[in-house]
Structure formats: structure tokens, C-alpha cells
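Biologist: I have a structure open and would like to learn how to read its features one by one. Could you walk me through it?

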Amino acid sequence: MDGSISIYIHVPFCVRKCRYCDFPSFSGLSGRMEEYFSALLTEIREEKLTEGRTAETVYIGGGTPSCVPPAFISGIMEELSKKYRISPDAEISMEMNPGTVNPEALKAYREAGINRVSLGCQSFNDQSLKRLGRIHSSEDILKTFDLLREEGFENLNIDLISSLPGEKKKDLIRSVEAALSLKPEHISVYSLILEPGTELYREYEENRLKDLPDEDETLENDLAVREMLKDAGYSRYEISNYSLTGRECAHNRVYWNRGDYRGFGLSAASLTGNRRFANTDDLVYIKSPGKTLKEDRILSDREAMEEFMFLGLRQCSGISEAGFMKAFGYSITEVFAKELQKQIKDGFMEHSGDRYYYNDRGLDVSNILLAEFIAYDKI
Ligand code: SF4
């Protein structure tokens with residue numbers, strides 16, 4: 001198989017487990033970093049399916065990739081460059097947490113080729129950061145952001161979380177203002193999701209989480225955030241993502257457009273054509289890198305079409321009729337006429353030229369609308 005590909009590398013180590021986090025990440029396991037990275041190198045070295053292809057994006061996520069020695073990150077980049085042709089203008093992103101980097105580490109990341117950083121800020125409200133169990137303060141964010149700029153990183157994302165317990169609209173607005181004052185190229189604002197198995201979820205189950213914003217407050221807050229970002233020149237290009245012109249995250253775009261991607265590391269997922277496979281979530285990965293899978297299957301056309309809809313429509317530019325025809329050999333209206341017509345009639349979706357896309361009203365309730373494309377009658 002040829003063509004371009006995106007690469008994901010999973011680094012599952014964190015300094016401390018945050019109280020809302022259900023990502024595959026572990027704290028207190030720094031003693032296993034060396035063997036984990038050795039397993040990662042083995043998995044990359046043994047890759048046959050996608051070797052030789054051109055990597056247009058690389059994303060090193062986690063976990064907290066910035067809490068491992070930088071030499072591990074450089075080693076991975078070096079191995080990738082032997083296996084793939086890394087495009088000269090590839091977007092190479094790395095997730096970092098405030099307070100976990102110093103100038104030497106940042107220099108090493110730059111030398112390794114990292115040219116985009118996603119900074120897990122979450123809030124600029126110190127009380128909220130404590131409640132989330134984050135290890136950093138708002139001051140750490142400011143210092144880390146300055147360091148990143150000083151070291152020459154020109155493409156930075158700030159991650160924020162809305163709908164936090166105890167936060168009022170003014171608190172969220174203050175966080176967004178603080179983020180804007182740093183002038184990042186990209187801002188993501190995700191709503192807090194209470195995931196089973198997390199400490200915050202336990203608090204909720206035991207009826208101790210009494211200060212979550214209600215649905216109306218959440219909608220009002222989200223609207224305020226959208227307006228602020230728009231006024232500051234950030235375009236919303238996906239449900240939760242905003243950027244300055246030309247600074248959209250190319251790697252995430254590949255996911256939403258169902259491009260091919262290859263994930264390496266514990267729990268990492270891959271999609272090549274219609275084959276989806278994913279590594280185990282367990283640390284057994286270290287013993288058999290890339291050999292213990294939690295999923296490996298060929299998606300049916302129907303499943304792939306559903307994915308095309310519910311991933312593509314997350315983006316504000318929506319989906320293209322020609323794209324659907326090219327991917328599946330069917331016209332989109334042969335398959336999804338009923339759902340599309342209903343969502344247009346209900347005022348959530350627009351159809352213009354070749355594209356279907358949600359308006360702001362549709363994006364606000366996109367979780368419900370996107371689900372309507374799943375489990376339609378078989379064609
Ligand atoms: S730093 Fe990120 S991955 Fe690690 S525990 Fe916190 S939220 Fe989870």
C-alpha cells in the first residue's frame with residue numbers, strides 16, 4: 001500500500017493520575033520507562049504493513065510524553081525516520097504538560113523534529129486545577145508557554161476543559177481570556193466528561209459532586225466561549241477545536257477524514273484502508289509489542305460509511321458528496337437521504353454545493369445528531 005500516512009506514538013506515563021482521567025496512562029511506573037521505549041522501538045522496527053510510506057503527520061501523545069527523558073523521544077523519531085519517509089513539512093506534534101519541561105528538554109525536542117506542541121493547561125483557575133488533580137498551577141502554564149516560545153516553537157495549542165465543577169461562567173471566561181493573552185495558534189475546549197472508573201466519577205456516584213453546571217449554564221458558557229474565540233480571530237473548525245487561519249491540527253484532520261494512520265505503543269489504534277486494529281491496554285505490551293491486540297478487524301462498508309459520517313460531520317466544513325462517492329461508490333443520498341433530510345428540515349444541518357455540514361445549532365447537539373447515522377437499515 002502506498003500514499004501518505006499519519007503516525008501516532010503513545011507514551012502512557014504520567015507524574016500523577018488526574019481525577020477525571022480514563023486515558024491509558026499510569027503514574028508511579030517511571031521504573032518501567034526504559035523497557036517500554038525499548039518495546040516501542042521493537043514495534044516500529046518490525047512494522048511491515050505501512051513501512052516506506054510518507055508520514056505527513058506524527059503525533060506523540062499520552063499520558064505525558066514530556067515526563068520521560070527527552071532521549072526516549074529522540075530515539076523514537078530516529079527509528080520512525082528509518083521506517084518512513086518523514087515529509088519535510090510534516091506536522092510533528094507532542095503533548096506536554098505545564099511544569100514538566102526545561103530549556104534543555106525543549107532544545108532536544110526541537111532537534112528531534114517536534115514542531116507543534118499541545119499544552120495540557122485545562123484551566124487557569126488554580127482551584128479547578130487542584131480539583132482535577134492536575135500537578136500544575138496557572139503560573140506554571142505561563143512559564144512553560146514562555147519557555148516554549150523562547151525555544152522557538154511557533155505552533156502551539158492550549159487545551160482547556162469547560163463545565164468544570166464549581167466553575168461559573170466568569171471563571172471559564174477568565175481561563176479563555178488568559179489563554180488568548182498568550183496568543184497560541186490553536187485552542188481546544190472540551191467539555192468535562194465524567195468517565196466511569198475515575199475519582200471524579202466516584203464523587204458523582206456518591207452524590208458528593210453537587211456543583212456541576214447544569215445544561216442551560218453549559219450551553220450559555222459554550223456560546224460565550226465561542227464568541228470570544230471568534231472575536232479574537234480563531235475559527236471553529238471542529239466541535240471543540242479552534243485555530244488561527246492555516247493552523248488547524250493536520251493530524252486530527254486525518255482521523256476525522258478517515259485517512260490512514262498507524263499507532264504504535266500501548267492501546268494505540270491504527271486504520272489502514274478498512275482494517276482497524278489496536279494494541280492492548282495492558283502493560284503486557286512491553287513483552288509482546290504489537291502482538292497482543294485488543295481489536296483487529298475489517299470494517300464492513302456499512303461501518304465505514306457510518307464512520308465517514310460521524311467523524312466527518314464533527315468538522316465545521318462537514319462532508320463532501322464527491323468524497324462519499326469516491327470512498328464507497330454510492331451516492332450519499334442513496335444511503336443517508338432520510339437522516340440528512342430530517343436534520344436539514346429540523347434546522348441543524350446545511351447543504352451547500354457539494355457539502356453537508358452542521359450549523360452552530362447542530363454542532364451544539366452533535367452528539368445526538370451524529371448517533372442518527374449509526375445503525376441505519378442495511379443497504
Ligand atoms: S496528565 Fe493527561 S493522561 Fe496523565 S493522568 Fe492527567 S489527564 Fe490523564
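**Reading the model, feature by feature**

Modeller: Gladly! The second largest pocket holds about 370 Å³ of space. Keep in mind that this is a predicted model.

Biologist: Which residues that line the second largest pocket are the closest to its centre?

Modeller: Of its 16 lining residues, Asn 257, Arg 258, Phe 308, Gly 323 and Ala 327 are the closest to the centre. Two or more lining residues come from each of helix H10 (301-312), strand E15 and helix H11 (321-328). H11 gives the largest share, with 4 residues. By class, the lining of this pocket divides into 5 nonpolar, 7 polar and 4 charged residues.

Biologist: E15 is a strand, then. In what order do the strands of its sheet run?

Modeller: The order is E15-E17-E16, an open sheet of 3 strands with antiparallel pairing. Strands E15 (319-320) and E16 (349-352) each have a single partner strand and stand at the edges, so one side of each lacks a neighbour in the sheet.

Biologist: How many bridges join E16 to E17?

Modeller: There are 4 bridges between E16 and E17 (residues 355-358), and the two strands run antiparallel. E16 and E17 form a hairpin with 2 residues between them, and Gly 353 in the turn has a positive phi of about 60°.

Biologist: Which helix lies across these strands?

Modeller: That is helix H12 (residues 332-345), which lies across E15, E16 and E17 and runs at about 35° to E17.

Biologist: Now the backbone. What should I expect for phi and for peptide bonds?

Modeller: As a general idea, most residues other than glycine have a negative phi, and most peptide bonds are trans. Here, Lys 183 has a positive phi near 55°. Look for Lys 183 in the loop between helix H6 (169-181) and strand E8 (186-191).

Biologist: And which peptide bond is cis?

Modeller: The bond from Gly 62 to Gly 63 is cis, with omega near 20°. Gly 63 sits in the loop between strand E4 (54-62) and helix H2 (70-83).

Biologist: Which residues are around the ligand?

Modeller: Gly 63 is one of them, and the others are Cys 14, Arg 16, Lys 17, Cys 18, Tyr 20, Cys 21, Phe 23, Ser 25, Thr 64, Asn 97 and Arg 134. Sorted by class, this shell has 5 nonpolar, 4 polar and 3 charged residues.

How values were computed. Residues numbered from 1 in each chain as written. Predicted model: local features only at pLDDT ≥ 70, side-chain atom pairs only at ≥ 80, totals over all residues. Heavy atoms only, no water. Near = heavy atom within 4 Å. Nonpolar A, V, L, I, M, F, W, Y, C, P; charged D, E, K, R; others polar. Pairing = 2+ DSSP bridges. Contact = heavy atoms within 4.5 Å. Axes fitted to C-alpha atoms, helices over the stretch in contact; angles between N-to-C directions. 1 Å grid on protein atoms, 1.4 Å probe; cavity = no way out; pocket = protein on both sides within 12 Å on 5 of 7 lines; lining within 4 Å. Points joined across faces, edges and corners; volume = space filled by probe spheres on them.
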